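Hi,

Here is the structure I promised to pass on. Have a look at it first, then read my notes below.

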Amino acid sequence: MTDDFGNKVAELMEKAEPTPSLRSGWKGRALAALAQARPARGASRGRWIANTAVAVIVLVALGFVPYSTSTSKGMMAAAEQAAAADMAARTWETASGGEADRAEPRVEESPEEERIAPYRRRAVEFVERHYANDPEMLTAAGSLTDDGKAGLALLKRAVETGKYPAAWAPYVLRVMQAGPRYDRVGAYGVDPEDLEGLAEAEKLIRESGLPAKLSPEETAPVLAAIRAWQAADPQNALPVVLEMTYLYGLHEDAQALSRWEYAASLPVVNNYLGDRLRAMARLLSRMGMSQWQAISTSYLATDLPTDSRLYPPLRTSSRIATYEGRVAQIEGRPKDAIAWWNGTISLGQHMQDSADSLIGFLVGLAVEGIGASPTWRWCPDRMTGIPNGPVMGGRYFYGPQHAFYVAQVGEAADARLRDSLIKGKMRSQLLRENLRRAKLTWSDMRALKPLALGLSAAELLVLLLLLFAAIGTWARRQADEATGLRLLWKLVIGLVAVLPVASTVIAFRPLMPGGLDSQMAAVIPGGLALSFLVALLLPLLAARSSRRPSARLATAWRGNLRQTLPITIALCALISVGLGIAAKMLHAKWVREWYKHEEMARVVRAIGPAWANPPIPADSWRAEYPPEPRAEGRSGQVQRGMRGRGRR
Amino acid sequence: MAEAETRAAARSTEVGEDRLVSGLRKADPGACACLCEQFGPRIHKFTARHVRGDGQLAEEMMVQTLVDAVRNIGRFDPRRSQFSAWLFGIARRQVQGELRRQSRRKSVPASAQVSMDVLVEQAGPGDMAAAVASRLDAQRQVARLTSYLSDIEMEVLMLHCMDQLSLKEIAQIMGRSERAINSLLHRARQKARERLVNDD
C-alpha cells in the first residue's frame, strides 16, 4: 500500500511521537462498552420519514382541523367582511342627511347571512338539548331560528319563566308577524287639508289590498300578548305604543289617544336590543362560533330587519298622532291636538334618553321631529336656498302650525322644544363625526392585528421546523464540522431572520383601522416569505467565510442552517407566545367591554363631555316660515303606512 | 516492504466487512469482538497521533468510536463508503471534537508534554541519551514538515503512511473525490521528500 518513502515518513513520525501501546485490558473495557451499545432503532431514513410525517400532521392540524371554529377563521371572516359589526355605521348611512326618521338597518345583501344560515337551522335542536330551561338561550334560539312556529314556542317558554324580560320583545314581534295588518290614512302622515295627498294615500291603501279596519277577533291574540308584556314590564312605553297602533286599527281612536298619552308619560322605551345581542352572542359561541365572531355576528343574527319592526310602528304611530292632532285642531279640539303632538314629542325624547343602541336613539330623534313638525321644522339649505346652515347643513324654521302651538303652550315651552330639537340634531352630527372611533370594528381590528401576526409567526415556526427536520437528519456531523460559525454570528443571523416578521408588527402599530385588512393581507405573507428567505440565505452567505478548508460550501451551509435555525425558531416561538398572550388579553378585554357597555354607551363615551352639552351654534333657527314651505319637508308627501312595515 | 506484505497477509485473514457489518446490525457479540480485534489498534493509533501520545485519552476515543459505530451501524451505507473509511470518519470526528474542546480550554494538555514513560519503554534504560537525541531530532524534522505542508496535505499523508489507508478510503473519510486526494497526496509526498532531503 505504501512505498519506501511512505514507510520512511511513518518511521519518522513514530520516532518523533511514538504511539503509546494500548494499556493492558483494553479489549475487555472496549467489549464491556460495546455490550452496552445497541444499534439505534429507526435509522436515518426511518427517522426522516417519521419527522416528516409528524411535521406534516402538525401542519395539517394547525392549518385545517381547528379551522371550522378557530379564531383564525373568525379573524379572516371579520377582516374580509366586517359586515355585521358595521351595523351601526350602516344604520347611520341610511339615516344621514337629516333622514333620521327613515333609519333602518339594511342587511339583506349581507354575506354574513350565509354564515348564519347553518346556525339558524340548528338553533332549536341545540337549545332543546343543552339549554332547555335557560330563558336567555331560549330567547336567542327563538329569534335565530327560521322556523317561525318553533321559534314562537321557544319564546313563549322563555316568557313564561318570568325571569328574562328581554324575551317579551321577540315574542310579541313573532305574534305580530302572525297577526293581522291594516292600512289607514292617518298612518301616511298627510295633512288632512292636503286633498291631493289624501287622494294619493287612499289610492295606495286600495292598491295594498289591506283592510282599513282590523277585526277584533283577529286582533285579540296580538293585543293579549302586548298587554301581557305591559303587565310584565309596566315602565316600558314600547308595548303601550304597540297597543295604540292596534287600537287605532280597530278605529278606537279615543282609547288610542289615551294609550298614546300614557306611553308618553312612561320614562323608558326599551326593546332590550342590547340584552338580546348578548344572548345571541352567547348562543352562537356555545354552538361553536368563535367568541368574537359570535359577537360581531350577533347584530345580524338577532335579526335586526325583523326586530326593527318594533321601530316602524313607533314612526307610524308618530305620524298617526301628528295627523290626528291636526284633525283635532281642524275640528276645534285644541287640547286633543296638543295632547297628540306633545305625547309624540315626549315619547321621542324618552326614546333618545333610554336608547341602548344607535338605531334606538335615531328613531327617538325621528319621533320627536315628527311630533314637533307642526311647530318647528328642520329645512336643509338646498330646500330653502339659504346657505351655511349650521345644523347638519340646514336650520330650523317655523312649522305650519307654529302660531297655534305657541298660543296653546306658551313661548317658553315652544323655545324649550326648539332647543331640544337643535340639541338632538347636534348630537346626530357628533355621532356622525365620532362613529368611526366608536363603532365595534375599531376594537375588532385592534384584536385582529396581534392575533393575525401571532398565528402567522406560529405558522412560520412550523415551516422552519419542517425544514430543520429535513436538514437535521442529513449527514449532520459532517455538516456541523464543515463550518466554524461563531456564536455571535449565529445569534445575529437568527435575529436578522426574524426581523421582517417583527417589522410588520412595528409597521402596523401606528396605522388606523381604515383599509387595514387588505394591507395586512399583503404585508404579512410578504414578511413571512422574507423571513423565510433570510433564514435560508444568510447562513449561505456566512458559509463562504465560516467553512472549513476541506468542506464544501453546501455542506457548510447545511451546518450553518443547523446552527442558526434553532435560534430563529426560538425567537419566532418567543414572538408567537408574546403575541398570543397579548392577543388573548386584548380579546378578553374586548369581550369584557362589549358585554359591559352597550352600543350607545360606547358611542357616548367616545364622544365625551360634548354629548351632554352639545354646542348650539348661532343662526341655528329662524323665527320665520321657510321660504318654500311646500318644497322643504315631507308634509305634502305620502309616508309609509302600516302595510309598509319592514322592508325585507 | 516486508512489513507491508505482512499487513496485507494479515488483512486477508480478517473477517469480511460484509459479515462484520451484518453481525453488528444484529448486535452479535462475536461481531463486536471482531470489530475490536480488527480495528481497535488501528483506530487507537490514529487517535493517539492526534492527541500527542496521551494513551488514556486515545483509548477512550477509540472505544467511543467503536461504540458510536455500533450504535449508528444502521446509518452505514455500503454503497457510499467502505466500512473502514466510515469507521475512520467517526474517529476523525471524535478527534476534531476533542481538539475543539482542547482549544477552548486554552491550556496545555498533559499529552503535549514529552512522555518519559513511553521513551523509557521504547529505548530501554541503557541508551536513554541516544534515544532522547534521536527523538528530538525526529520531532524537529516533523515540525518542519508540518510547517511546510498544509494541514490537509499533512492529514492525507498521515492517513496514507501511518494508517495505511487507500486513496478511496481517504477520499471517503474526507468527503472529497479520489482524484483530489491523489493530487493532494502526490503534492504532499513531493513536498515532504524535498524537505526531508534538505534536512538530510
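A quick term before we start: helices (H or I, at least four residues) and strands (E, at least two) are DSSP runs, numbered from the N terminus. Counted that way, chain B has 10 helices and 0 strands.

Some housekeeping. This is a predicted model, where local features need pLDDT of at least 70 and side-chain atom pairs count only at pLDDT 80 or more, while totals for chains, interfaces and linings use all residues. Residues are numbered from 1 along each chain as its sequence is written, and chains are lettered from A and ligands numbered from 1 in the order in which they are written.

Back to chain B. Of its 200 residues, 34% are buried (20 or more other C-beta atoms within 10 Å of a residue's own, with C-beta atoms placed from the backbone).

Now, how do the chains meet? The contact uses 35 residues of chain A and 50 of chain B, where two residues are in contact if their C-beta atoms, placed from the backbone, lie within 7 Å. On the chain B side, H3(B) gives the most, with 10 residues. Sorted by class, that side has 23 nonpolar, 15 polar and 12 charged residues. (Ala, Val, Leu, Ile, Met, Phe, Trp, Tyr, Cys and Pro count as nonpolar, Asp, Glu, Lys and Arg as charged, and the others, Gly among them, as polar.)

The axes of H1(A), residues 4-16, and H8(B) come within 9 Å and cross at roughly 100° (axes are lines fitted to C-alpha atoms, for helices over the stretch in contact, and angles run from 0 to 180 degrees between N-to-C directions). The two helices are therefore roughly perpendicular, a label for angles of 65 to 115 degrees. Gly6(A), Val9(A) and Ala10(A) meet Leu157(B), His160(B) and Cys161(B) there.

Last, the cores. A nonpolar core is a set of buried Ala, Val, Leu, Ile, Met, Phe, Trp, Tyr and Cys residues joined through C-beta atoms within 7 Å. The largest has 107 residues, and Val172(A) is one of those with the most contacts inside it. Helix H19 of chain A (358-372) supplies the largest share of this core, 10 residues. A second, separate core has 50 residues, among them Leu12(A) and Leu157(B).

Enjoy exploring!

Technical notes
A residue is buried if 20 or more other C-beta atoms lie within 10 Å of its own, exposed if 12 or fewer, and partly exposed in between; C-beta atoms are placed from the backbone. Angles under 35 degrees count as roughly parallel, over 145 as roughly antiparallel, 65 to 115 as roughly perpendicular and the rest as oblique.
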